[in-house]
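Hi everyone, thanks for making time today.

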Amino acid sequence: MQETHTNKKPDNLDDGIDLQELIYVLLEKKWTIVSVTAFASIIVVIYSLLLPNIYQSKAILVPVNASSNISGALGEYGGLAGLAGIALPSDGDEGNSQKAIKKISSLSFFENNFLSNIYLPDLMAVKSWNFKTNTLIYDKDIYDVKSKAWIRDYSYPQKQVPSAQESYEIFLEEHLSLNEDKKSGFITLFIKHQSPFVAKQWSELIVNEVNNFYRLKDKLQSQKAVNYLNDQISSTSFSEIKEALARLLQEQTEKLTLIEANEFYVFDYIDPPAVMEKKSEPNRALICIFGAILGGILSVLYVLIRHYAFSEKTS
């Protein structure tokens, strides 16, 4: 019985991993681990150096409540305007700012207001930016600068020339970021690009276009109201109604004046975008550190797996 007991004890120990053996294996293969880690680190360093610098332009915006400027003046005519089919802003109207935040990230705004005002290769074919000459370098496998032709490989549903929907997805994923502070109401617009000049240009373009979009939209609505009121004044014979309509017409005319006068109709700048001197990414040092750590882990796993796999075969 005693011999049976002593024979089972080593078998139970063999089922687990001997810590001393583990340390011995790692020390014996230390140069293999060092070599693999160094090789992985060199690959990661080369990879990080090949990554283009990305610059981020930031604009801090504050909503401009244009409707609040005239809501008080138009409040007394709300009932009459409602009968006439004219929508007037109320005291609780937040204006266009909330709608504009969603509008900036929409496909329709990108296609109609943004894409038509930029150079498409700047979005879809940029390889790097030459800071000395301030010129963009395009990927030769995607866009031929000399012939101004798209030569990229593509598969359905893509097209030879990038479509608005494909460009929109790239723009949202790689370039645009929009954050709203619920407490202060401030909106921060981020645009990333290889060129800091393009990043700043695109930031200003978005702010200008969203302001122009809602300015034109409200202008057309007010103009329709003015035309309607003029028709009603000319068609009615009651002096009291004419007087009320005339006052409402005056307020709508003043609204049109305010719409034209406000340069920043929806958003104004707290901090306008700038051409940044320092890149925002990539963080090459962090990439190299993680690469070295990953290389070390993989080399240790390689040594251990090979050792124990070889031991099982020999046994």
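I will start with the overall picture, then go through helix packing, aromatic rings and a few backbone details.

Before anything else, please keep in mind that this is a predicted model. The protein has 315 residues, and 34% of them count as buried. Its secondary structure comes to 12 helices and eight strands. Taking the contacts with a separation of 6 or more, 73% are between residues 24 or more positions apart.

Now to the helices. Please find helix H10, residues 196-235, and then helix H11, residues 239-261. How do H10 and H11 lie relative to each other? Their axes are 9 Å apart and the packing angle is about 160°. Angles over 145 degrees count as roughly antiparallel, and therefore that is the description for H10 and H11. The crossing of H10 past H11 is left-handed.

Who takes part in this contact? On the H10 side you can pick out residues including Arg215, Asp218, Val226, Leu229 and Ile233. On the H11 side, the partners include Lys242, Leu245, Leu249, Leu256 and Glu260. Sorted by class, the contact of H10 with H11 has 10 nonpolar, six polar and six charged residues.

H10 also packs with another helix, H6, which covers residues 97-104. Here the angle is about 125°, and the axes are 11 Å apart. H6 and H10 are therefore oblique to each other. The handedness of this crossing, H6 past H10, is right-handed. From H6 we have Lys99, Ala100, Lys103 and Ile104, and they meet Ile206, Val210, Phe213, Tyr214 and Lys217 in H10. By class, the residues of this contact of H6 with H10 divide into six nonpolar, no polar and three charged.

Let's move on to the aromatic rings. How many aromatic pairs does a search of the whole structure find? It finds 14. I have picked two of them to show you.

The cut-off for buried is under 20%.

The other pair is Phe114 with Trp202, and this one is edge-to-face: 5.4 Å centre to centre, with 80° between the planes. Phe114 lies in H7 and Trp202 lies in H10, so the pair ties together parts that are 88 residues apart in sequence. Phe114 counts as buried at 2% relative accessibility, and Trp202 counts as buried at 2% as well.

Now put these rings together on your screen. Ring pairs link Phe110, Phe114, Tyr168, Phe171 and Trp202 into a cluster.

Pro157 is found in the loop between strand S5, residues 149-150, and H9. Another cis bond runs from Glu281 to Pro282, with omega near 0°. For Pro282, look in the loop between strand S8, 267-271, and helix H12, 284-314.

Asn134 has a phi of about 55°, and its place is the loop between strand S2, 126-130, and strand S3, 135-138. At 38% relative accessibility, Asn134 counts as partly exposed. Lys148 also has a positive phi, near 55°. You will find Lys148 in the loop between strand S4, 143-144, and S5. With a relative accessible area of 62%, Lys148 is exposed.

If you take one picture away, let it be H10: roughly antiparallel to H11, oblique to H6, and contributing Trp202 to a ring pair with Phe114 of H7.

Technical notes: Residues numbered from 1 in each chain as written. Predicted model: local features only at pLDDT ≥ 70, side-chain atom pairs only at ≥ 80, totals over all residues. Heavy atoms only, no water. Axes fitted to C-alpha atoms, helices over the stretch in contact; angles between N-to-C directions. Helix = DSSP H or I, 4+ residues; strand = E, 2+ residues; numbered from the N terminus. Parallel < 35°, antiparallel > 145°, perpendicular 65-115°, else oblique. Left-handed = near helix turned anticlockwise from the far one by under 90°. Contact = heavy atoms within 4.5 Å. Nonpolar A, V, L, I, M, F, W, Y, C, P; charged D, E, K, R; others polar. Phe/Tyr/Trp six-rings, centres within 6.5 Å; stacked < 30°, edge-to-face > 60°. Buried < 20%, exposed > 50% of the residue type's maximum accessible area, 1.4 Å probe, protein only.
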